[in-house]
Amino acid sequence: MKPAILEMYDKRPRTLVRNTILFVLMAVILVWSWETMDYGGINENGAVVARNILDALIRPNEAWLFNFTATGTSIPLLMLETVAIGFLGTILGAILALPFAFLSARNIVGPVMSNVGNTIISIIRTFPIFILGLMFIRVTGPGPLAGVLTIGIASIGMISKLYVEIIEDIDKGILLALDATGATRFQKIRYGIIPQLTANFISTAIYRFEINVRNATILGLVGAGGIGFTLIAALGAYRWKDAAAALWGIIVVVLVIEIISTKIRSKLVSGE
Amino acid sequence: MNEKQKKRSTGDSESERLKRPRPVKAFLDRLAARNLAHRTTTLSNGATIVRPFSWSLTNSLIILVIFLFFWDMIVGAYFDKYDFMIFVRRIPNFLNILQKMWTEFDWSYFDFVVDPMVDTIQMALLGTAIGAVFSLPVAFLASANIVKSKIVSGVVKTILSFVRTFPTLVYAAILAFIFGYGTLIGVLATAIFTFGILTKMLFEVIETLDLSSFVAIEATGASKGKAFITSVIPQIMGSFLSFTLYSIEINIRSSAILGYVGAGGVGIMLDENMNWRRYGNIGVILVVLFVSVLIIENISRYLRKKLS
């Protein structure tokens, strides 16, 4: 072989030691985690139940699934309510996140304030969705309004975190260019800052909307509206066909929303 | 269909239809012309500039209509039933709970929280690891540039989007009936969820990979497998590890509530204490959760920074 090649071969990245350490570390963590597994709950019924659930998924309760009227249990209406909770919650969260984001962006308030703001955002994010749900139920009583408020507050954390990243990425060159044209302060904000933020902000909100609709499907568990209550009640009573109808409702709606959201977001990012 | 309608729908010939006045189209045409004039500016040197058409007004209107519809459906319906003042008077209930989490805070409860919290973390770690192991090969199956068959990758992608529709909690609720209550279902539910999102993130990266190095190594006489391991795997290993770490962050949060459907961990205690209105205990759990998440997120972020 040519010496040049041998020389390059000699300079190849040597990652064996690093990889071994990483591998051992991961193995230790996994073995340690494995001790949590308890198989006590497994019994012979499980296989039967699994079969029944799969059967039900193929033949769900069609009377519920295609009931578009307000009488009786209607999966379409429950899913509409679920989407409504996700939608209103996202708008609430996206608006509430604005002050948090601007007050935690390093390039606006400086490093000290930014750390304080980020800590507050983390604290809000710690509240599990069910705890928030139960707290809001004490205000509104059980129902979808509690769900809207829950989703709104629960999404502040992630939305404002992503907003902060967008704000910190602002291109200041554009502001200098506007300065050179003699733009006023208001014009600089209107034509220099807002256009840089809106597309990404909206894209963030739409992304969170997808997650929020998924979250809204489980809020019913604590009585905060949406399809979750119907699903859990059907599962608890071993009514697999009813549960399967609810599951299909979730599948269809979440898939459609994901497709639409991906389309809109790719359009927003590419600048149409 | 009655006689009159039938006549109208069948009596129209092509020429008649063309002659009929079309007020809506005329109106839209006029609107478009007005808009174009509005967008056109003539500069002092005679050049005309046409600003591109903006959909933002139309889009805002659509959003507004959807918003009002949903608002009426939930908020409107609520205040039809209940008085607004009742709502206002009950807002302090929310703040009271927050306050009690603080004032009734009792560190002695900490000893009861440690074990379930460790369970929660273990569920999240193990579930993420299992999901990650399965996601790597399936991500290759879903990548159109690797399997070369649009049908295979399309089918795999469709199945994956089905898997991704349910949140972890729904999986846990269903699995509880198959495997019984316990941490096992928490691990499995987390694994399925992680598998879903991780595979998606991975195949999006794989599909943008530059495969020329694969071809180049193959041209030196290496077998397909060898070429794959030396050219493709190193390119995505960084993303794979970083996405896995990111999933751990998500999973720690979501596994904290899995106890609600019997999956073990700290969720059971949240449920119990919320029912007994022992908000001080909730406060302790939340602090432990906050600190655990903070530690794990910081480790994960540090490792991810090192990886990139």
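The model is predicted, and local features need pLDDT of at least 70, side-chain atom pairs count only at pLDDT 80 or more, while totals for chains, interfaces and linings use all residues. Residues are numbered from 1 along each chain as its sequence is written, and chains are lettered from A in the order in which they are written.

**Chain A**
- Chain A holds 12 helices and zero strands, where helices (H or I, at least four residues) and strands (E, at least two) are DSSP runs numbered from the N terminus.
- The radius of gyration of chain A, taken over C-alpha atoms, is 25 Å, whereas a compact globule of 272 residues would have one near 19 Å, by the rule of 2.2 Å times the number of residues to the power 0.38.
- The C-alpha trace of chain A spans about 65 × 65 × 35 Å along its principal axes.
- Of the 272 residues of chain A, 39% count as buried, a term that requires 20 or more other C-beta atoms within 10 Å of the residue's own, with C-beta atoms placed from the backbone.

**Interface of chains A and B**
- In chain A, 51 residues are in contact with 49 residues of chain B, contact being defined by C-beta atoms, placed from the backbone, that lie within 7 Å.
- Helix α7 (residues 129-140) of chain A supplies nine residues, the largest share of the side of chain A that touches chain B.

**B:Arg301**
- B:Arg301 lies in helix α14 (residues 279-307) of chain B.
- B:Arg301 is partly exposed because it has 13 other C-beta atoms within 10 Å, which falls between the limits for buried (20 or more) and exposed (12 or fewer).
- Between B:Arg301 and B:Thr190 there are 21 Å in space, C-alpha to C-alpha, and the two are 111 residues apart in sequence.

Terms used. Contact = placed C-beta atoms within 7 Å.
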